2 protein chains.
Amino acid sequence: MKNQRRRIESRDNTTYRAIVAIRRPRRSQKTGLIFLEGFRLCQDALESGVVAVYLLLSDSAAELPAAKSLEQQAGASVQTLILPDRLFKTLCGTQNPQGIALVCQAPPLDQLPDPPSENGLYLVAENIQDPGNLGTMIRTADAFAFDAVILTEGTVYPFNDKVIRAAMGSCFHLPLGCFSDIKAVAAWFRTADRPGTLLASDPLATEYLPFDLRLPAALIIGNEARGLSHEARAICRKRVAIAMPGRAESLNAAAAAAVLCHDLMQYRIGLNIDSNLQNE
Amino acid sequence: MKNQRRRIESRDNTTYRAIVAIRRPRRSQKTGLIFLEGFRLCQDALESGVVAVYLLLSDSAAELPAAKSLEQQAGASVQTLILPDRLFKTLCGTQNPQGIALVCQAPPLDQLPDPPSENGLYLVAENIQDPGNLGTMIRTADAFAFDAVILTEGTVYPFNDKVIRAAMGSCFHLPLGCFSDIKAVAAWFRTADRPGTLLASDPLATEYLPFDLRLPAALIIGNEARGLSHEARAICRKRVAIAMPGRAESLNAAAAAAVLCHDLMQYRIGLNIDSNLQNE
């Protein structure tokens, strides 16, 4: 059963205006609806099980194979809306939109395993303010097969446009969880069956890579300007610095996360190889 | 000899209008003048030997010790301009400017050693489009004590506002060089006294970290969307990938640069330790 396509002609159309409204960051966070633009991102979201509400196609894109395949993938419960190119463009705010977009429900922010997985790797974004940094961190955690990304409430909303764009689909690939603050993150982390390592990136620390630690591990990256919170410093068993022989006093938060996540990923792979060898 | 302070009262003032004009990216690139805001950044630039033209102070900041110390550091050849707070704010375009800014000459883009240094590490930004990415890459290269950052002409101008902000002063810490394209970079690199390694970050490569290579080394990071150019692929002796066991197909360009630069930095330190041990 194919869904009926519906046309929107005017910018005064009620549905159109509702979609315009969720393009405002606060509004989006309130309604829990998000707007995704471009074939690749929409397909990624649908494949990851995101619940779509509307599929939006511009006149120019409506008959493209990509559009039709997305329509099929979205299924009959998703209403397809066809828009004149200029209305579509207004909605997107990008220079050359592909003419394909989805309105869908933001995935819930309570997808963490409880308790943390035995060999789990978690990235914790503590009060990260820049959407580009958060998106890059989520993409990095996804690339290195982390088990989830955890946010504190002081961190930017992970489904705002800029975060989604920087994360390139990774927002939908791995579970996201949100806690009020770092203490709540630590309380969750302590429920692990085997005690793990809560570690924090800290330019002032005296311990460097490579790590030797117990999994599960949660790596905390602090705010871009202020660094780690006092609570994070107090709670963390292990604080690690990245050796910086040059003149810059610190790395960008997402760059530091990349270096440390890469090392943790390699460490976990090393452990797995060791345990496989022992089992032979 | 102290320079005379001069007041600007109106937005129609010729000097004020000239400064407003260089705030436009193209205009800035054309005149070779750049605008730096905030005490830390201005101090960093002056300490790095940047040639200042005007020191701008808002009424609220004009008598602060930080402002006076900058004025002294800048020297008598730099004219100090005092502006009403609202004019200063208009100029900055930031929410809460500190009231301290410099207009100075952009450092030249031909600061590379010729030939490349014996154990040099160079980061090459090939057609990097996002100012935040370029700024983060320059900051990373600076933190890891790289010898220079090299740009191709397709890369965003390194002294535009957003690059400077993301680089947090690192734009002034290490030499920057610009070449027309990657072939010209390779031609320069081949003039080294001892043949080095031109390597490129490439998600499709089959060789991974850690490296074993000859210094000097130049690491090429390609465009965010299109990746490495054909020329870069053809020229590079060594193409390296970062292992990504997760679902994301690639890392952000600046995140990939962070992981690879970190490894190169460690590699060079390891070589130095080895040669010191042999000399004992």
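This tour moves from the whole complex to single residues, naming at each stop what to select.

**Before starting**

The model is a predicted one, in which local features need pLDDT of at least 70, side-chain atom pairs count only at pLDDT 80 or more, and totals for chains, interfaces and linings use all residues. Residues are numbered from 1 along each chain as its sequence is written, while chains are lettered from A and ligands numbered from 1 in the order in which they are written.

**Stop 1: the whole complex**

Display everything and colour by pLDDT, the predictor's confidence in each residue, from 0 to 100. Chain A has a mean pLDDT of 92, and 98% of its residues reach 70 or more. For the complex, the predictor gives an ipTM of 0.93 and a pTM of 0.94. Where pLDDT is low, the predicted coordinates should not be read in detail.

Next, consider chain A and chain B together. Chain A is superposed on chain B by a rotation of 180 degrees with 0.0 Å of shift along its axis, at an RMSD of 0.0 Å; that is the relation of a two-fold axis. The superposition is by least squares on the C-alpha atoms of residues with pLDDT of at least 70 in both copies.

**Stop 2: where the chains meet**

Two residues are in contact if their C-beta atoms, placed from the backbone, lie within 7 Å. Between the chains, 25 residues of chain A and 26 residues of chain B take part. In chain A, select α6 (131-143) and α10 (253-279), each of which supplies at least two residues of the side that touches chain B. Helices (H or I, at least four residues) and strands (E, at least two) are DSSP runs, numbered from the N terminus. The copies meet through the same surface, because 100% of the interface residues of chain A are also interface residues in chain B.

**Stop 3**

Chain A has 10 helices and 12 strands, and its C-alpha atoms fill a box of roughly 60 × 45 × 35 Å along the principal axes. Of its 280 residues, 46% count as buried. A residue is buried if 20 or more other C-beta atoms, placed from the backbone, lie within 10 Å of its own, exposed if 12 or fewer, and partly exposed in between.

**Stop 4: two domains**

Colour domain 1 (5-105) and domain 2 (121-279) of chain A separately; such bounds come from an automatic or database domain assignment. Taken over C-alpha atoms, the centres of these two domains of chain A are separated by 33 Å. Their contact takes 11 residues from domain 1 and 7 residues from domain 2 of chain A. On the domain 1 side, select α2 (25-31), β2 (33-37) and α3 (39-47) of chain A, each supplying at least two residues. The largest share, 4 residues, comes from α3(A).

**Stop 5: A:V50**

Select A:V50, in the loop between α3 and β3 (52-58) of chain A. A:V50 is partly exposed, with 18 other C-beta atoms within 10 Å. Beyond four places away in sequence, A:V50 touches A:A45, A:C104, A:Q105, A:P107 and A:F172.

**Stop 6: the nonpolar core**

Show chain B again. A nonpolar core is a set of buried Ala, Val, Leu, Ile, Met, Phe, Trp, Tyr and Cys residues joined through C-beta atoms within 7 Å. In the largest such core, of 181 residues, A:V149 and B:V149 touch the most other members. Finish at B:V149, whose contacts beyond four places away in sequence include B:L123, B:M137 and B:L176.
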